[in-house]
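Dear colleague,

Please find the structure below for your records. My findings follow it.

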Amino acid sequence: MKTYSRTIIIDDTTLRDGEQSAGVSFSVDEKLGIARQLASMGVPELEIGMPAMGEPEREEIKAIVDLDLPSRLVVWSRMREDDLQHCLNLNVDLVDLSISASDQHIRHKLKQSRAWVLDTIDRLVKTARDAGLNVCVGAEDASRADPDFLARMAEAAQRAGAERIRFADTVGIMEPFGVLESIRQLRSVTDLDIEMHAHDDLGLATANTLAAAVAGATHLNTTVNGLGERAGNAALEEVVLGLRQLYGIETGIELHNFTELSSLVARASGDTIGSRKSLIGSAVFSHEAGIHVDGLLKDPNNYQGIDPAVVGRSHQLVLGKHSGTQGVVHAYRQIGIQLSRTQALSILPQIRQFVSVYKRIPQRGDLNHFLQQV
């Protein structure tokens with residue numbers, strides 16, 4: 001493992017991009033609860049909404065501000081004069097002013113030119129700074145932008161007073177090697193902080209986010225459970241542990257109570273967590289295969305790449321078709337019954353038959369019944 005002697009700032013956008021997921025709408029109480037828990041875990045920045053959505057959204061933003069959390073609070077805005085006006089008087093710490101970076105968007109969405117984009121950055125960032133706002137320039141669709149033009153956007157942003165540029169893989173088309181090259185190139189031409197915003201359309205949001213960190217990004221966007229538009233964003237839990245375990249990069253975030261937050265976001269979003277979802281799925285720390293169970297009982301590190309305690313979880317040894325005698329002995333020991341290896345061998349066929357028929361893990365009553373048949 002190559003280690004890096006620096007920290008990374010996580011800017012969690014569960015309350016902004018997470019809520020943009022189709023069909024998701026958080027209540028104000030849910031937003032306050034999510035914000036409190038994120039802050040209590042040590043998440044340093046929270047992107048908490050889009051002021052231009054209307055007065056109810058702005059009131060919810062103010063309610064989060066009134067919590068006086070230790071986290072820096074960010075709002076998202078299109079780089080438009082009317083949108084920017086709605087960001088005033090909210091007492092947030094940073095506004096992300098987003099504008100298209102790719103020719104696809106500039107020509108076919110904005111119906112404008114590259115020169116217009118640069119002029120708009122210069123004008124609106126200066127306006128925001130004059131109003132007392134700190135600014136991040138969001139480069140929408142940066143993954144499809146001409147790198148030279150992206151460099152000119154960064155130059156214009158810095159000259160106008162922005163502190164950060166956000167590299168957005170808006171349509172989720174990048175892969176880690178391309179991200180590494182793109183962020184390194186951007187890092188070489190600007191002194192601005194660089195934030196990575198990845199989408200998971202190809203299942204690579206976390207990998208791309210980690211690659212951005214290695215390449216020199218200073219800030220990373222995440223969401224709890226990987227919530228977000230379409231296939232979602234880079235998952236907070238995956239990014240934090242990936243940075244720590246793979247690169248020795250710390251974020252100051254502790255995930256011991258993450259299961260509670262994960263469940264809150266899942267309930268509030270109505271979005272079911274898959275049983276095999278990394279770190280938080282119900283089955284991801286469960287073991288059935290005899291060789292794995294035997295190895296774990298001898299030493300957890302035999303089959304443990306991630307200590308489940310880091311996210312408030314524990315290993316679960318379950319009985320099924322692939323169980324061995326050690327797993328059977330352990331399962332009965334958990335309910336206060338000591339089995340011999342001979343008894344375990346006799347019970348194994350019953351267990352395998354049971355799970356094949358009923359498609360579930362045998363419970364205490366089932367185990368007692370098996371024993372009676374021996």
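Predicted model: local features only at pLDDT ≥ 70, side-chain atom pairs only at ≥ 80, totals over all residues.

Residues are numbered from 1 along each chain as its sequence is written, and side-chain values use heavy atoms, with hydrogens and water left out.

Helices (H or I, at least four residues) and strands (E, at least two) are DSSP runs, numbered from the N terminus. Helix 13 spans residues 325-334 and is largely enclosed by the rest of the structure, because 7 of its 10 residues are buried (under 20% relative accessible area, with exposed over 50% and partly exposed in between; 1.4 Å probe, protein chains only). Among the buried residues are Val-328, Val-329 and Tyr-332. The buried residues of helix 13 pack against helix 12 (290-298), strand 10 (316-317), helix 14 (341-358) and helix 15 (364-372), where contact means heavy atoms within 4.5 Å.

A closed barrel of 8 strands runs in the order 1-2-3-4-5-6-7-8 with parallel pairing; two strands pair if DSSP finds at least two bridges between them. Strand 4 (residues 94-100) and strand 5 (residues 135-140) run parallel and are joined by 6 bridges, with Ile-99 opposite Ala-139 of strand 5.

Arg-6 lies in the segment before strand 1 (9-12) and counts as partly exposed, at 28% relative accessibility.
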